[in-house]
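Hello,

Here is the structure I promised to pass on. My notes follow below it.

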Amino acid sequence: MKIVNNLAIVVIMAVCVALNGGSPATAKTKKQAVDIYDLSIDDNIAMPQLEKQTEEIKKFQYAQAIALQKNKQNVEMTRDGEVIIITISASQLFLPNDTVLSDLGKQTLKPFLKYIETPGMYKMLLVMHHDNTGSDRYTLNLTRSRVNSVYDWIDANASTEYVVPYALGSTEPLVENNSVANRKFNRRLEIYLVPEQAMIQAAKKKNIKL
């Protein structure tokens with residue numbers, strides 16, 4: 001599923017079911033299925049909750065982050081160590097102002113396919129950013145085309161069932177867009193690796209593997 005609207009938000013509603021008969025009314029809450037493609041970035045990062053498996057998954061995520069750093073990836077962690085963020089310069093993926101994934105870009109992304117080989121192990125968020133060169137419409141359309149290009153390449157090489165693309169244009173710079181170096185820094189793809197249900201189940205058995 002390609003990106004359509006990067007600011008969509010879903011509200012999960014509880015459904016109350018009244019019991020039949022003359023007994024006092026009791027209610028059961030029932031969670032509706034959540035479509036991850038309809039969630040905001042923050043909502044997708046925040047779920048699912050790991051509950052009792054938190055420490056086991058944090059330990060696994062930390063090991064993955066260390067391995068990524070050893071492979072010279074720019075890595076951070078969020079959600080108190082539960083979620084990994086990898087930042088890749090747009091220049092490693094695309095030629096200037098281009099939206100076609102380059103050969104270097106394909107090689108850069110290839111190591112990340114292993115994280116989605118096991119369905120439901122990870123939810124992968126693809127968040128594309130740009131500097132403020134050009135109009136807001138231009139930067140938004142450019143990041144949308146670029147993230148769709150990344151998504152299409154992943155779709156051709158792996159399952160995209162748990163891959164969610166977002167385009168943010170120039171709305172979230174890391175630094176001020178006041179120099180050539182800073183603008184290059186702001187042109188980037190962020191890959192979020194969020195633990196999903198298969199990892200939670202594996203953590204219960206203390207046997208998380210990719």
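The accessible surface of the protein comes to about 11900 Å², and carbon and sulfur atoms supply 52% of that surface. Areas are from the Shrake-Rupley method with a 1.4 Å probe, and for residues only the protein chains shown count as cover.

This is a predicted model: local features need pLDDT of at least 70, side-chain atom pairs count only at pLDDT 80 or more, and totals for chains, interfaces and linings use all residues. Residues are numbered from 1 along each chain as its sequence is written, and side-chain values use heavy atoms, with hydrogens and water left out.

Of the 210 residues, 44% are buried (under 20% relative accessible area; exposed is over 50%, partly exposed in between; 1.4 Å probe, protein chains only).

The fold has six helices and five strands. These are DSSP runs, numbered from the N terminus: helices are H or I of at least four residues, strands E of at least two. Their order is α-α-β-β-α-β-α-β-α-β-α.

- Pro 48 sits between α1 (41–46) and α2 (54–70). The peptide bond to Pro 48 from Met 47 is cis, with omega near 5 degrees.
- Lys 72 lies between α2 and β1 (74–78). Its phi is positive, near 65 degrees, though Lys 72 is not glycine. Lys 72 is exposed, at 79% relative accessibility.
- Asn 97 lies between β2 (83–89) and α3 (103–109). Its phi is also positive, near 60 degrees. Asn 97 is exposed, at 54%.

Best wishes
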